[in-house]
Amino acid sequence: MLQERLREIEHDIYTCAQCAFCTATCPVAEQKGWETYGPRGRMYLLKLILEKDIQANDQIKDRFYACTTCSRCEKVCQTDLKLIEIWEDVRSWLVEDNMGPLEVHKGIAESVAQNHNTYRESAAKRDAWAGDIKLNRKGKIAFYVGCTSSYKMQQLAQDSMKVLQSLDEDVAVLGEDEWCCGSVLLRTGQRRQIKEIVDHNVQTLKNTGAEIVVTSCTGCFKTIRDDYPPIYGNKLPFKVMHITQYLAQQIESGKLKFAKSINEKVTYHDPCHLGLHAGEYEAPRAILRAIPGLKLIEMDNIREESHCCGAGGGLKAGMPDLALAIGQVRVNEAEETGASILASCCPFCKTNLSQAIEAGHKNLVQKDITALVVEAMGLNA
Amino acid sequence: MNKALEQQLVELLGPDSVSMTDIERRLYAHDMAPVPKILGLVWKFMPDAVVRPSSVKQLQQLMKFAHENSIPVVPRGRSTTMMGGAYPIYGGISIDMTARRGIIELDESAGTIKVKAGTYWEAVLKFLEKRGLTLYCYPTSAPSSTIGGWIGNGGVGLGKGGLGIGSSKYGYAADTVVDLGVVLPTGEYLESIEATELKAEDFIGSDGVLGIMDTITLKIHKLPARQEPFCYDFKDFDKLCSAVAEIALLKPFFLLIEDKVMLDFKKLAKLHVPMAQNLLTVILAGDDEAQFKLDIQTMGKIISAYGGQELSKEIAKEEWQGRYYAMRHKSAGPNLLGGEFCVPTSNFKESIRRVKKLGVAKNIQIAIHGTLGVNEVLVMPQVLSDERKKFRYLTMMSLVKELNDLSIKLGGIPYGVGLFNAFYAKEIHGAKLAELIRLKKSLDPRNIMNPGKATHCSTRFRITLPKFAYGMGMRGLGLFVKHGG
């Protein structure tokens, strides 16, 4: 029962100062307005449930799933509460009580169980994105492709692999053995399959012999780097890097060189899982600054104060209109910079920001940083 | 409100602007301070409906509706005070003003900025700072406090309002306000209060009992040429208090006091704290470099004279950056209970002596958090408490009254009015209380605007609670607060 489970976080519930610093910065609260949609409101709802003043119902479930888990709330919390853990724990307890998740999230979990990917695609076609690109199963580096790049955004997978292979490294991919990282399951409170997924992915990645695992998806990056170790029960036998971190290192060492200029103004959106969650703000910017011709113009809200794109935490699948509205706020901010390119480095951000650009008829193009690197290296010829 | 009125309200404002769900109404029935449930017998905190008007037109429609049907309305910013001013006591309609947010006009030549009432202070600050400008003063809850919420808050009384960051140099909240746009209880809209017979000062610090502030025009100025934080450690808190009285004459931009017990509370909450006994943080700001240097010299002499030791610039910067986080140590409680009062700067030292004496008598650790005001120090004595220990928590509330009374004896006043300090309306509003009562009768004949507060403390049965009854009740509860526990 949720009410009993809340005893585990009782001290946090009473520690919440109700100062609303979180609500003032929450992208969902900005859209919906009502107190119940803000982090402070959710903490108060938990207190009411704990004290048996109210019982969990569909409205409360709705409020706990109306969250991108961007972690802006946690960054500004008056009393340093680990709010993302709280949101994800509560979601998992709603699942335990058969109240959560949202219907669409259940379908994703089923797909992961049956096909090892979130899109109901054939596991056997996990490598289909590669086309003519030659793939290895062993290497010093393992490229963890991710479900979205494998099936829905294959250009990103190709671009990532082209750049990695151009750096003369042995790059391994897992093919059919690459299972969904489990990010969506963890974010939506569906923890039943997660131990099996983690153990499988860690073992298969280890089997490649890779010292470094590179991801082009910030959700996979955050999940493997931060969520896996406690579930796996040990330190991971490899280092996990987002592709922007890896490429920034290669630029710094002089190994990655650009052959072409991109004479455009670009602004950069910090994906929450890379920035707010992992504290990596500099590597993507270092790449953009290094590309000849590109002029980086920052938005008002960046780095720790960055606004979420709206797609995280299962919100894009569960409440697409709300996710799009949040994305439009970010796109408006990007437009104000006068940039022609809105760059980011996460497939989820790419999807939502691209749709927000289209919905708002903005004169902006959304590009992944890896695509810009490919272009500036002359690899897309 | 009956079903028919609820239906009318939805038709009037549209379903997106009205909520009557149980969970929503519960969230508009409180502010930052946990109130024991038993007090629900005395006051009806739950609104019947919550509305989020997004235009002046909607606000006017709402007020006409409420006026015609004599429904109580309570304007609410983000409800970040602890005095009960922003939630109902008779039920009625809670008006969430946060949909009315945004900057209307920046007029650099006039040195003003006009904003909607539901805009956050920090949002305005950031907007101005990007342009090399800033506000004269703003609340320590700036990240979530709304402009209208703080300007309306009782603070140190009608016509003055709140004390905040910048007050020690530039004055009260009222000193920073140029004009207001107000929707009166009848629904009439006064776009510029200064163009009428009324004045902005009539509404500042009135706890929203006269009308709803919709727009506020604030004074602005250029960012100071130089601003620098300083932090000092004092072994002797008495001497720190003496130093504060002298540093106040330099008109620093901000001055923060934290005693040893406060630092101990922070350690209990596993926070990193400087190696210090009692902390004094001072922010100097100014445009005249020669004067700035002179002020630093003078302050250095004062600090030396009272045995203070300067701490590193890193510590000073951390203290300044943490200015919005006065409750960071709350997990040590997990509740903090205490008072908030102002005393003349000259009596600050004596007030602390008496607070500490009270703590000894009751065998409780009282921490001191203080900030410099205009001619006063705003003191927030705090004790660790736990609302889950219901009877103990209730009895500990008696401490608030004792702290308030202590401040009055020293020429001070409790800070903020709202509901729970309305017993002190006479002391806080002073001579202006009569004016507030007169305006209330004249502008709000049906007594629908945040009724039962600010000028007196009413119950859900519309019976005014006499101060002596409050005193007796609190004294009775206080009898149980002995020997810690």
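Modeller: Start with one contact: the side chains of B:R328 and A:D80 meet in a salt bridge, 2.6 Å from N to O. The term means a side-chain nitrogen of Lys or Arg within 4 Å of a carboxyl oxygen of Asp or Glu. This is a predicted model: local features need pLDDT of at least 70, side-chain atom pairs count only at pLDDT 80 or more, and totals for chains, interfaces and linings use all residues. Residues are numbered from 1 along each chain as its sequence is written, chains are lettered from A and ligands numbered from 1 in the order in which they are written, and side-chain values use heavy atoms, with hydrogens and water left out.

Biologist: How many salt bridges are there between chain B and chain A?

Modeller: The count is 10.

Biologist: How much area do chain B and chain A bury between them?

Modeller: Buried area is the accessible area (1.4 Å probe) that two parts lose on being put together, summed over both. Here it is about 3300 Å², 54% of it on carbon and sulfur atoms. B:I23, B:L27 and B:R388 supply 18% of the area that chain B buries against chain A, more than any other three residues.

Biologist: How many residues of each chain are in contact?

Modeller: Contact means heavy atoms within 4.5 Å. By that rule, 43 residues of chain B touch 37 residues of chain A.

Biologist: Now the sheets. How do strands of a sheet pair?

Modeller: They pair through backbone hydrogen bonds, either parallel or antiparallel. Strands (E, at least two residues) and helices (H or I, at least four) are DSSP runs, numbered from the N terminus. Two strands pair if DSSP finds at least two bridges between them. In chain A, one open sheet of four strands has the order β6-β5-β7-β8, with parallel pairing.

Biologist: Which strands of chain A stand at the edges of that sheet?

Modeller: β6 (295–296) and β8 (365–368) of chain A; each has a single partner strand, so one side of each is left without a neighbour in the sheet. Two bridges join β5(A), residues 265–268, to β6(A). One partner pair is A:K265 with A:K295.

Biologist: Which helix packs on this sheet?

Modeller: Helix α20 (369–377) of chain A, which touches β5, β7 and β8 of chain A. Its direction makes about 80° with that of β8(A). Axes are lines fitted to C-alpha atoms, for helices over the stretch in contact; angles run from 0 to 180 degrees between N-to-C directions.

Biologist: What is the strand order in the sheet that holds β1 of chain A?

Modeller: β2-β1-β3-β4, open, with parallel pairing. Helix α11 (154–166) of chain A runs at about 170° to β1(A).
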